[in-house]
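These are my notebook entries on one structure. I wrote down what I looked up, in the order in which I looked.

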Amino acid sequence: MKPDRKDAGLRAALLSYPTALLVFAFVIPMGIMFVSSFYHRTETYYERGFELTHYLRTFDWLYIKAMWTTVKLSTIAATIAVLLAFPFTYFMSGYSRRVQTVILVVVLGVLSLSEVIVAFSWSNALSRPAGISNFFVWLGFMERPASWARGLPAVLIALSYFNLSIAILMLYPHCTRLDPSYVEAARTMGTSPARSMFKVVIPILRKPLIATWIVLFVFTMGAVVTPQWLGRPDQWMLAVHISKQAVELGNIPFASALSIVFLLVTIAMVLVANRFADKS
Amino acid sequence: MSKLLKAAYCSVFLLILMMPLFIVFGVSMNAKKVLFFPPRGVSSKWYSELFLNPQWYEPLITSLAVAVLTGLLALSVALPVAYLLWRYGVFYARALFALGLLPFAFPPVITAMGMLLLWVSTGHTGQIENVVIGHAVFLLALPLTMISLGFESISKEVLEAAETMGANRAQVFRTVVLPIITPFLVSSFAFVFVLSMNEFVISFFVGQSRIVTLPVQIFSSLRGGYSPTIASASVLFIMLSFIAFGLIGIFGNLPKLLGAYERQS
């Protein structure tokens, strides 16, 4: 098919609309965010200007600690999720298409749940009147039900839980593409199942496993609701502070500066993780 | 033995995945205004409250409207990009495709912040279309990748055959391309619909307490104390998500859509 001039016109027309939307609703907002981070905050709102006060304020001990918490919690939650979800995905990709479809529906259903709903569910599941501690009491492991709904463990459980379904969906295509003859060959040569997992399957899937970990990491970095509900202020991640500043306190310039710093740290962490993946 | 172990691991895993959902369901059945599991007494009044109390009913309608509009908008943007990328591979389409994936890769709070600033600086605040545009840009990556997957499944021979028979470009698109990619369009609509319905951060930033979606309503009502209505609203949303994906599972090829490899047999 030869592209002609009429064709080029049609193409330009077809693409102008997506371009307009992406420029208007993504490129321009990012630009405004960058510019606003230098604006001057007044008593009531903010006005144009150029100052670095907001960036200097991001180096406040409170925000450095929040950033450290964000990176720490995201690292742990991403790691737990990959460790638990990988064996599941690997086993499940060996089942029949029918079973896989049913499992995928469940996984997608859980994946799409609002962060609000997941946080609410876990705050119930870990609470005294409705929580799993009642189950342990019933089993006889505990004397009386306990409340675990607030604190670091609760935040980590909910964040890791949220990551499980994403991890499954990201690893699933790679697990189904894995040629079973490698494992069969290893097994015929007398390798134990566990050993063939570590010596054959994991090395082959190293790249997708690391890619999944990075996606989970970035995803967890953005958690807003979970740390607020299930955690104490110590566990507030940076996204919580951004949301507080922007929506509740109306400090737009500072929220913009925090967002820019947050974005830069996220990108830096992804680059570091990628470098690490290439080396090892 | 190892087969049994695998099955056991998978079952326990699925059970944990489903556990919070069961607990929320149980909590939503409480007879009094308490959050107990197992529920104390059984009542469906928290479900009727959802449809009778405007405090819950209105956000529910808002959420559904936002989700439908977001689905349509995201699809209408993704379709031309994916089509031109597949048909001509033009550089410009490729660049747009990459740009369209970016918002999904950023932490959502960044996109939310950008959208808030956009609407504040244009003075057009607290409108439903603000939330729709925010969601559509954020979720654009899904229809882009899924529709592209659909285009790639069309073999070049079929297209050539249609052209040799004298069909023009519009006819080829209508009679050959469209029927093949329709399932992909439907599924990506369902994905965007469900994720938009459940999205919280962008709705929270952009809605500015004038456009209140259900997740935002749940979030703000939790400050005013817990009520089983929060649980029944969650259950309704969970059901809607499961129905949407269940339908794709029944009528579509979910494993393929999610990138599973089809072994030639």
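**Entry 1: an alanine in chain A**

I looked up A:Ala186 and counted 18 C-beta neighbours inside 10 Å, so A:Ala186 is partly exposed. The rule I used calls a residue buried if 20 or more other C-beta atoms lie within 10 Å of its own, exposed if 12 or fewer, and partly exposed in between, with C-beta atoms placed from the backbone. I note here that this is a predicted model, in which local features need pLDDT of at least 70, side-chain atom pairs count only at pLDDT 80 or more, and totals for chains, interfaces and linings use all residues. Residues are numbered from 1 along each chain as its sequence is written, and chains are lettered from A and ligands numbered from 1 in the order in which they are written.

I found A:Ala186 in helix H8 (residues 180-188) of chain A. Helices are DSSP runs of H or I with at least four residues, strands are runs of E with at least two, and both are numbered from the N terminus. Setting aside neighbours within four places in sequence, I listed A:Thr191, A:Ser196 and A:Val200 as the contacts of A:Ala186. Two residues are in contact if their C-beta atoms, placed from the backbone, lie within 7 Å. I also checked A:Arg98, which is 88 residues from A:Ala186 in sequence and 28 Å from it in space, C-alpha to C-alpha.

**Entry 2: a serine in chain A**

Is A:Ser123 buried or exposed? I counted 24 C-beta neighbours inside 10 Å, so A:Ser123 is buried. A:Ser123 sits in helix H5 (residues 115-125) of chain A. Leaving out neighbours within four places in sequence, A:Ser123 is in contact with A:Ala149, A:Trp229 and A:Leu230. I looked at A:Leu230 again: A:Ser123 and A:Leu230 are 107 residues apart in sequence, and their C-alpha atoms are 6.6 Å apart.

**Entry 3: chain B as a whole**

I moved on to chain B, which has 13 helices and 0 strands. Its C-alpha trace spans about 70 × 65 × 30 Å along the principal axes. Of the 265 residues in chain B, 46% are buried. I took the contacts in chain B between residues at least 6 apart in sequence, and 70% of them join residues at least 24 apart.

The domain assignment of chain B gives domain 1 (1-43) and domain 2 (46-257); such bounds come from an automatic or database domain assignment. The centres of the two domains, taken over C-alpha atoms, are 29 Å apart. Where they touch, domain 1 of chain B gives 8 residues and domain 2 of chain B gives 9 residues.

**Entry 4: chain B against chain A**

How many residues does each chain give to the contact? I noted 69 residues from chain B and 67 residues from chain A. Helix H1 (residues 2-27) of chain B gives the most to the chain B side, with 14 residues. By class, that side has 58 nonpolar, 10 polar and 1 charged residues. Ala, Val, Leu, Ile, Met, Phe, Trp, Tyr, Cys and Pro count as nonpolar, Asp, Glu, Lys and Arg as charged, and the others, Gly among them, as polar.

**Entry 5: two helices in chain B**

I looked up helix H3 (residues 54-88) and helix H4 (residues 91-105) of chain B, which pack at an angle of about 140° with their axes 9 Å apart. Axes are lines fitted to C-alpha atoms, for helices over the stretch in contact, and angles run from 0 to 180 degrees between N-to-C directions. H3(B) and H4(B) are therefore oblique to each other. Angles under 35 degrees count as roughly parallel, over 145 as roughly antiparallel, 65 to 115 as roughly perpendicular and the rest as oblique.

From H3(B), B:Val81, B:Leu84, B:Leu85 and B:Tyr88 meet B:Ala93, B:Arg94, B:Leu96, B:Phe97 and B:Gly100 of H4(B). I sorted this contact by class and wrote down 7 nonpolar, 1 polar and 1 charged residues.

**Entry 6: loops in chain B**

B:Gln208 is in the loop between helix H10 (201-207) and helix H11 (214-223) of chain B. I noted a positive phi of about 50° for B:Gln208, although it is not a glycine. Most residues other than glycine have a negative phi. B:Ser209 is in the loop between H10 and H11 of chain B, and has a positive phi of about 50° without being a glycine. B:Gln208 is partly exposed, with 17 other C-beta atoms within 10 Å, whereas B:Ser209 is exposed, with 10 C-beta neighbours inside 10 Å.

Last, I looked up B:Thr125, in the loop between helix H5 (108-122) and helix H6 (128-139) of chain B. Not counting residues up to four places away in sequence, B:Thr125 touches B:Trp119, B:Val120 and B:Gln208.
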